[in-house]
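Here's a quick walk through the fold, starting with the whole chain and then zooming in on one element. Have the viewer open as you read.

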Amino acid sequence: MGNRRLLSGKIAYPIFMLAGFLFVFICGAERDLALNGNIIWNPAYTVRLSAGSLFAGGLLGAAVCYVIRLVSRGEFAGIIKTQTHPKPGEGQVMLGSFVLSAMAWFPVYLAYYPGICAYDTPVQLGQIMDGYMIDHHPIAHTLLLKLAINAGQAVWGSVNDGMGLYTFFQMLFLAFGFAYAVGTLRRFRASGICICIVQLCVMFYPFNAYMSVSTTKDTVFTGFFLIMISAFMRLLSERRDTLTVKGTDAVFFIAAVGSILFRNNCRYAIMVLLPFMLITAVAGIKKKKNGRLFIRLLLNVVLSFVVGSISLTVMFNLTDAQQGDRREMLSMPIQQFARCMLYHGGVGVLPEDDGTMDEEAKSLINDFLLDEAYKEYEPGFADPVKRHTNTYVARYRSSEFIGTYLRLLWDYPGDFINAALALDAGYLYPGDESHAHVNEVEGQSGRGYIQTYWSEADLTPRGLTKASKLEGLHELLEAWADGNAYLDIPVLKYIFVPGTFLWLYVLLAGILLINRKYRLLLPVMLVFGYYATLLLGPTVQLRYIFPLMAVLPFIALLSLMKGKNSDD
């Protein structure tokens, strides 16, 4: 690749140096917050951290940029070898991947039979048994669980076997999602060695096995997300510039709608993507280069967003569902208000409390956080305070709420920053280990980062009981999960901790930018849109970030490969 094909160094180096600065600054702040419990953002500390980050981060960013530009001059994409006439065919690769993944995870399925019924399963099972729906959990997923449980009761007279049936087909769907992504590698003419390595990772990356049998919406969403991103990459790499719709367009549309139905966050991620899609389409039209293709993609994204949103409304009405509380979206303000009360509200919990908050702000927070719930504040987990939140205040006293929020942000910016850093530490800092402990409850097992907790009180009365078919394997898997054993693996632990992945996506975006692969930045923008929803969420959990873990190797390989997608 000639130098003229690369992004100008005058632009590339400052961008990477800024990214390096942010990386070092955030990691430094997260480290200090974890060590001290609080950061006083006075001028001395801020200048010291900023100066150190500017120096170290600037050097890091410049070095990374130099290496990428150096490698790119020798065809960066050629690092991932491609085949001119690869065999076997795409269909055979997909089938092989599907079968191998299902076989690798099947023992885990037997060990955890009828499934890992943690997370929201007890609540959703209660809705099914008691005959009501709440859209706080995706109605489509609750209906799937209901269908499987009804089938189990009709055929075998067993709720347990019905849940086992659901888990089995969920495992197969996730295997199919990965298979479609592996098949996309074959379509892009990846070498056999590359495909084999990726397939082995799919089979034996431990989180894939655990999540394949966890009866949560996030596993189904991950399958759809894998298919959507893979289809997106296929469409972006087409040679034909036409408005004609073919098979891959339909696959993308179905997967996008499915993603919306099984995780509401996807709608917001698509909303972030849409402006970039529009800019790309306009640029394509002006340059008379792939304009029709980009218009087709834009229309597909818009249509899938509209159909997905309408489908959510239709399901809500058909099932007579109740509207769930929207406090989930207020997780960040909840944490920031609670922290401000503890440090400035004069509530007598912390010796650092200076009691400087005005009475008007305290009055609104007390109306918003009932029963002095701020005293239950946990830095990395919003739920203890959130469950006592009166969302009426945010919804019907919105001007007062927003005004108080902005005033406190102006008065106590450091506490707002600390609350955000503490809540999102797992997503932002590769050295964070708090994400592995936020769900722990004394005396209960299965509360690690990989949640396998079985609530006897909630599940047994509903007809669900543990019925492991491979108890020895079950005990080994439980010990590995409950002990957060991935943290004990030298170096390799960074492919497990969530804080690594955001920065890997930032690196990928930088590589694409330097190589002027602007169109391939679009799927990365979709990922960043999803990340934004996570950073505003209630805590760091494996199930939330798992879709981005699953997609990363595929989006990276497909972006960097030299091969082109063949037309449908």
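## What counts as a helix

Helices here are DSSP runs of H or I with at least four residues, strands are E runs of at least two, and both are numbered from the N terminus. By that count, this predicted model has 24 helices and zero strands.

## Overall shape

How does the radius of gyration sit against the globule rule? For 568 residues, a compact globule would come out near 24 Å, and the protein has 25 Å, which agrees. Along the principal axes, the C-alpha atoms fill a box of roughly 70 × 70 × 45 Å.

## Burial, surface and charge

Of the 568 residues, 55% count as buried. The accessible surface comes to about 24,300 Å², with 65% of that belonging to carbon and sulfur atoms.

On the charge side, there are 47 positive and 44 negative side chains. The centres of those two sets lie 19 Å apart.

## A look at H13

Now for helix H13, residues 331-344.

Is H13 enclosed or open? Since 14 of its 14 residues are buried, meaning under 20% relative accessible area, H13 is largely enclosed by the rest of the structure. Just after H13, Gly346 takes a positive phi of about 65°.

Conventions
Residues are numbered from 1 along each chain as its sequence is written. This is a predicted model: local features need pLDDT of at least 70, side-chain atom pairs count only at pLDDT 80 or more; totals for chains, interfaces and linings use all residues. Side-chain values use heavy atoms; hydrogens and water are left out. The expected span of a helix is 1.5 Å times one less than its number of residues. Buried means under 20% relative accessible area, exposed over 50%, partly exposed in between (1.4 Å probe, protein chains only). The radius of gyration is taken over C-alpha atoms; the globule rule is 2.2 Å times the number of residues to the power 0.38. Accessible areas come from the Shrake-Rupley method with a 1.4 Å probe; for residues, only the protein chains shown count as cover. Lys and Arg count as positive and Asp and Glu as negative; His and the chain ends are not counted. The place of a charge is taken as NZ of Lys, CZ of Arg, CG of Asp or CD of Glu.
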